[in-house]
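Hi,

Here is the model I said I would pass on.

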Amino acid sequence: MSDGIQKSAGQKLQKALAFMTGNRFRGLLTGCVLTMIIQSSGATTVMLVSFVNAGLVTLEQSVGVIFGANIGTTITAWIVVLFGFNFSIEAFAIPLFGIGYLCTILKKRKYEGLGQAIMGFGLLFIGLGWLSAAFQFSGSGEAVNFLESIQGYGFISIILAALAGMIFTAMIHSSSAMSAIVITMAYNGVVSWEFGAAMVMGSAVGSTIDAAMSAAGASANAKRTALVHVLCNAVTVIALLIFFKPFLAFTDLLIPGDVTKNENLIYHIAMLNTAFKIIETIVFIPFTNQIAVVLRKIVPDDKPEDENQEYKLEFNNELAAKSPEGCVFRAQKEITAFSERVVEMYDELQMGLARFDATYLEEHHPRIMFLENYLDQMHEQLTAYLIKCQHLHLSDEAKDNIQLMLRLIGEMESMSDGCLSISIQIKKALEKNVKFKQEDFDRLIPYFELGRQLLYFIHKNVSTVQKLTPEQYQFASELEEQIDTERTELRRIARHRLEAGADVRTELYYMDIIRQIEKIGDRCFDAAGDLR
């Protein structure tokens, strides 16, 4: 059901999460509502970790979203309690599944995602029916005897129940499913009120495994986001286990009925699940900034890029399973990093050309060489990553974005090649003691600046991977025309100087630099055409 909803909504849900987290309370509301919609706190937190890793959401903003997701995930328990046992929904589940299947085959109308969501909704109640039948034991049995045997040891049983809930939830990757199972067992008298409550509380810790797995190989802030999910849930569970009896008594006040007589027991468990998450939020949400400070001390910052660093982009299978479109957002972050390094290469060229002395050989050219090698690695690995993304369960919009990104990294890799070619020419000119006249620099620097403006324009729009407006495309077109016009004029001047007897080697170096800048401008304009 979660997969279908995410696919039918396309990237709208992800964009909502990325841009509706301006403060802790807005983040709390966003996380809660989003999780209620997609029925999976795991998907929300995995998505969140990917956005923090991509720099779309800050660590402080992520804390509120996590607590909101914790509250939002309790809606599944209420659906089970309100509809799973009081109505014969199971009888409608198969027809509902059939309707969903029909929607999936109407691909021309783009109802596939909606159909999968409807099929998942039908399967939810089929599963509840099977669970209920499985736990309707008569007399004695091994399962009943086992559960009864570990429920007779007082507080030790509570600890065992919490551990069982944590381990089983980590295995099935769903606290919602665990809550449904516990409620079903309680409905059929297999577990007591206290034992069922402890299992639900333990499931809150087990559910954090998704965020932890998705943070593997991610940035420091992404790891901190996963850690806050683990620590806050674990601390809250430990604290409430210490005050277990008062917490259960508080829940009994909220829901009427004598649980010792199995009156409204399933409502008590659902309410405990919600109350537990709300209490956790009330306790921790005022200390968002302080939590972020502590996490930064626990998880060290990422190591800065150095000359020996190699680029690595690992495909996160957990993210692909829980939030496939989150993988596309991860790729967008890498596209932004790619374009930033191309811009850095161009800036190194421009700074070095402005001085045109030995410092270029010592500082600028080695940096450009490193960046070019790094970008070659990025191009190779990012292409492989995007090809893997093509095989995921994605919306049409996300698939189109993948194709666009593949074209863009090809264009930007060509830009980096052009920057390297210019750097090599400058290096050769300096090593051979070629002397350019000041008037050559006076003409070349404005020409360089035109290329820089167009490159920065592409970088800005590549970062968002959004289509250019007609006005934006016209701006890029005018810049490209200015570059072509200026190139023609500079080449004409160089040819006239050659005819007048100027140094051939100097003029050839000069003309080659002009030609390479024009080629970079062409690649920028091609990228603008891709974004159009």
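Below is what turned up, starting with the ground rules.

This is a predicted model, so local features need pLDDT of at least 70 and side-chain atom pairs count only at pLDDT 80 or more, while totals for chains, interfaces and linings use all residues. Residues are numbered from 1 along each chain as its sequence is written, and side-chain values use heavy atoms, with hydrogens and water left out.

First, the cavities. Searching the whole structure gives 4 cavities of 30 Å³ or more (a cavity is a set of points on a 1 Å grid over the protein atoms alone where a 1.4 Å probe fits but cannot get out; lining residues have an atom within 4 Å of a point). The largest cavity comes to about 110 Å³, the volume being the space filled by probe spheres set on the points, which are joined across faces, edges and corners. Its lining includes Val-46, Asn-53, Glu-314 and Arg-330. Helix α4 (residues 41–53) supplies the largest share of that lining, 4 residues; helices here are DSSP runs of H or I, at least four residues, numbered from the N terminus.

Next, Ala-275, which sits in helix α16 (residues 265–284). Ala-275 counts as buried because its relative accessible area is 7% (buried means under 20%, exposed over 50%, partly exposed in between, with a 1.4 Å probe and protein chains only). Leaving out residues up to four places away in sequence, Ala-275 touches Phe-247 and Phe-250, contact meaning heavy atoms within 4.5 Å. Thr-251 is 24 residues from Ala-275 in sequence, with 7.5 Å between their C-alpha atoms.

Cheers

How values were computed: Helices (H or I, at least four residues) and strands (E, at least two) are DSSP runs, numbered from the N terminus. On a 1 Å grid over the protein atoms alone, a cavity is a set of points where a 1.4 Å probe fits but cannot get out, and a pocket is an open set with protein on both sides within 12 Å along at least five of seven lines; lining residues have an atom within 4 Å of a point.
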